[in-house]
Amino acid sequence: MSTQTHDAIVIGAGFGGAACAALLAKQGRKVLLVEKNNLSGGKAMTLNKKGFTYSAWPVMGAPVQENQCQRLIDALGVQERVTLTPSEAGSYYKTPAGQYEPMPKMDGSVDPVSLLGWLGIPMEEFENAMGFFGGLISMEPAQIDALEGTDFDSFIKAAKLPQSLYAFIVSLCLDGMFMVPVDKLDAAEAIYSLQDIFLRGGGLFCIGGYGKLSDACLDVVRNNGGQVMMHTRVNRILVENSRAIGIEVNGKDGSGNEGLQQFRAPIIISNAGIQPTVLKLAGEANFPADYVARVKNLVPSEALLGYRYFLKQPITDKGFGVVFSQTSPWSTQRLKDAHAGKASREGVLYFEVPGNYDPGSAPDGKQVVVTGSFCPPDPDMSKEDIQAWADAGEEIFFGLFPEARELVEEKDLYTTRSVSNATRDATMPGTGGETIGLAQIVGQCGKSKPSIETPLAGLYLVGCDAGGRGIGTQQAIMSGFNVAEAVNQALRG
Ligand SMILES: Cc1cc2nc3c(=O)[nH]c(=O)nc-3n(C[C@H](O)[C@H](O)[C@H](O)COP(=O)(O)OP(=O)(O)OC[C@H]3O[C@@H](n4cnc5c(N)ncnc54)[C@H](O)[C@@H]3O)c2cc1C
């Protein structure tokens, strides 16, 4: 067994862990970053195959302006190697008559008048709808914070909006940003992000894939005296005298011998998720019983699964899109019924087409379209359930692009098992394949969100489960900034 000392050890190179490690290293801390995969980026990782470069699943950045990814790029000074780019949305409203109506072109922010026209909202409903938009966009932080603890469905239903506008806000905007049923979604969390996309735009991508950003973070660690161990799983967090003091991994020592290795640091930061960190890596015996009970009861977000279609010729010139209908919003009951086969599994469909915002990411004349549609987060769903959920998404995709059927050269299915294997261990039954992390539902947001500091001295949480707000990639990076600041302060004593 070998023993080494660092200022801080970060477990996991997802967006939260990679950002935090790089920020600490940039500020002169000696950091060890340990990642179980060969690739960085966790849930925002980028894959390569047969000349294509693509997100493992659709990952759309928002807002376009004041995005946390850009904040990180600027803080690390990696502008020369990481470039973000906006892309025009190719979203569709499937009308009750079954027509796919393309979203009107909007520049940067949402234009309510063309939006209401697209959604077929009658003139007599305009005033109410415009009033709702105006009120939402101009809400002050104190007013928004006062809605913490209220579910978004109660908030929006009070406005008595036409169903197509309700579906646009809930399904096109919120289902994908938070991946939780609208009757559980925390209203404050939702409104902050709606303001973000309505005022600052949606649809921001990274040239070469978002993995470029996490890779740049890893290089900042290496270039500032830190160490990065890829393809190395942390088995446990070492605890002594009620303090986290290090980690144990399976790996090779300096002489290339395989075996258990230990690394020590006064601060351990885990990006592995709160449940895996507390219940598995550190072990529940090291925490107060009420904290363990709370951790066990935390609810994950729902999940996406879908196909990556490798096409012999392009079917769209848009970089991404969302397809929704008046019946696509997900409520708790509808999800439960759909999973039991008692209600339609047709919800919202997301697609990302990297070749349209990054021409170098696909071989000439070809296109990869990465799709995703809702399902529960359980990585151990039966084959039949997986197929039924995947079929529901595929039906929408081929409904929208019927010509694609003949153009598919190859298609890969990713599932909740793929997401769990690539990112988070399933510690509690039915968890691991979640899209975001902790669900941003009432009781798990704002003041009720777990703290970045755990009751075990020296152990911090980074990523979507603590320390951030907003959509997945945004809250992970925001958490990275907040944890880096707190850890720096702790190290200064
Ligand atoms: C299908 C899908 C679609 C999405 N779409 C969007 C989108 O459109 N927009 C958006 O903003 N967000 C989207 N997200 C969400 C977003 O990608 C995530 O919320 C965010 O990237 C999570 O970052 P994180 O830092 O919390 O952790 P993760 O990404 O979960 O990273 C955790 C890292 O820790 C590593 N790790 C775990 N355990 C260990 C261990 N024991 N030892 C070593 N390493 C370990 C993992 O391998 C992983 O790299 C999507 C996610 C998915 C899955």
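Where is Lys 160 found? I looked and placed Lys 160 in the loop between helix H6 (152–157) and H7. I note at the start that I am working on a predicted model.

**Entry 1: two residues with positive phi**

I read the backbone angle of Lys 160 next. Its phi is positive, about 50°, although Lys 160 is not a glycine. I wrote down the background for this: most residues other than glycine have a negative phi, and most peptide bonds are trans. Is Lys 160 buried or exposed? Lys 160 counts as exposed because its relative accessibility is 64%, and the cut-off for exposed is over 50%.

I then followed the chain into helix H7, residues 163–178. I found that 14 of its 16 residues are buried, so the rest of the structure largely encloses this helix. Just after H7 comes Met 179, with a positive phi of about 55°. Met 179, too, is a residue other than glycine. I placed Met 179 in the loop between H7 and helix H8 (187–200). Is Met 179 buried or exposed? Met 179 has a relative accessible area of 0%, so it is buried; the cut-off for buried is under 20%.

**Entry 2: a cis peptide bond**

I looked up the peptide bond between Ala 62 and Pro 63. This bond is cis, with omega at about 0°. Pro 63 belongs to the loop that runs between strand E5 (52–55) and helix H2 (68–76).

**Entry 3: the five-stranded sheet**

In what order do the five strands of the open sheet stand? I read the order as E10-E3-E2-E14-E20, with parallel pairing. Strand E10 (227–229) and strand E20 (459–461) are at the edges; each has a single partner strand, so one side of each has no neighbour in the sheet. On average, neighbouring strands here are turned by 20° against each other, direction ignored.

I took one pair for a closer look. Strand E3 (residues 31–34) pairs with E10 in the parallel sense, over three bridges. Which residue of E10 is the bridge partner of Leu 33? The partner is Val 228. Helix H9 (residues 211–223) packs on this sheet and touches E3 and E10. The direction of H9 makes about 135° with that of E10.

**Entry 4: the seven-stranded sheet**

I went on to an open sheet of seven strands, in the order E8-E7-E16-E17-E18-E15-E19. The pairing in this sheet is mixed. Its edge strands are strand E8 (100–102) and strand E19 (408–414), and each of these pairs on one side only. The twist from one strand to the next averages 20°.

Again I checked one pair. Strand E7 (residues 92–94) and strand E16 (residues 320–325) run parallel and are joined by three bridges. Tyr 92 stands opposite Val 323 in E16. I noted a general point beside this: strands of a sheet pair through backbone hydrogen bonds, either parallel or antiparallel.

Which helix lies across E7, E8, E16, E17, E18 and E19? I found helix H13 (residues 383–400) there; H13 also lies across strand E15 (303–311), running at about 50° to E15.

**Entry 5: Ala 362**

I looked up a residue in a loop, Ala 362, which sits between strand E17 (349–352) and strand E18 (367–375). Ala 362 counts as buried because its relative accessibility is 13%, and buried means under 20%. Leaving aside neighbours within four places in sequence, I found Ala 362 in contact with Gly 51 and Phe 52.

**Entry 6: the ligand**

How many residues surround the ligand? I read 34, and the closest are Gly 16, Glu 35, Lys 43, Met 60 and Thr 473.

A polar backbone atom of Gly 16 is 2.8 Å from an oxygen atom of the ligand. A backbone N or O atom of Phe 15 lies 3.5 Å from a ligand oxygen atom. For Pro 58, a backbone N or O atom is 2.9 Å from a nitrogen atom of the ligand. Taken alone, the ligand exposes 1000 Å², and the protein buries 97% of that.

Which elements give two or more residues to the shell around the ligand? They are helix H1 (15–26), helix H14 (416–422) and helix H15 (472–492). H15 gives the most, with three residues.

How values were computed: Residues are numbered from 1 along each chain as its sequence is written. This is a predicted model: local features need pLDDT of at least 70, side-chain atom pairs count only at pLDDT 80 or more; totals for chains, interfaces and linings use all residues. Side-chain values use heavy atoms; hydrogens and water are left out. Two strands pair if DSSP finds at least two bridges between them. Helices (H or I, at least four residues) and strands (E, at least two) are DSSP runs, numbered from the N terminus. Axes are lines fitted to C-alpha atoms, for helices over the stretch in contact, and angles run from 0 to 180 degrees between N-to-C directions. Contact means heavy atoms within 4.5 Å. Buried means under 20% relative accessible area, exposed over 50%, partly exposed in between (1.4 Å probe, protein chains only). A residue is near a molecule or strand if one of its heavy atoms lies within 4 Å of it. A polar contact is a pair of N or O atoms within 3.5 Å; within protein, one must be able to donate a hydrogen and the other to accept it, and residues adjacent in sequence count only if both atoms are side-chain atoms. Accessible areas come from the Shrake-Rupley method with a 1.4 Å probe; for residues, only the protein chains shown count as cover.
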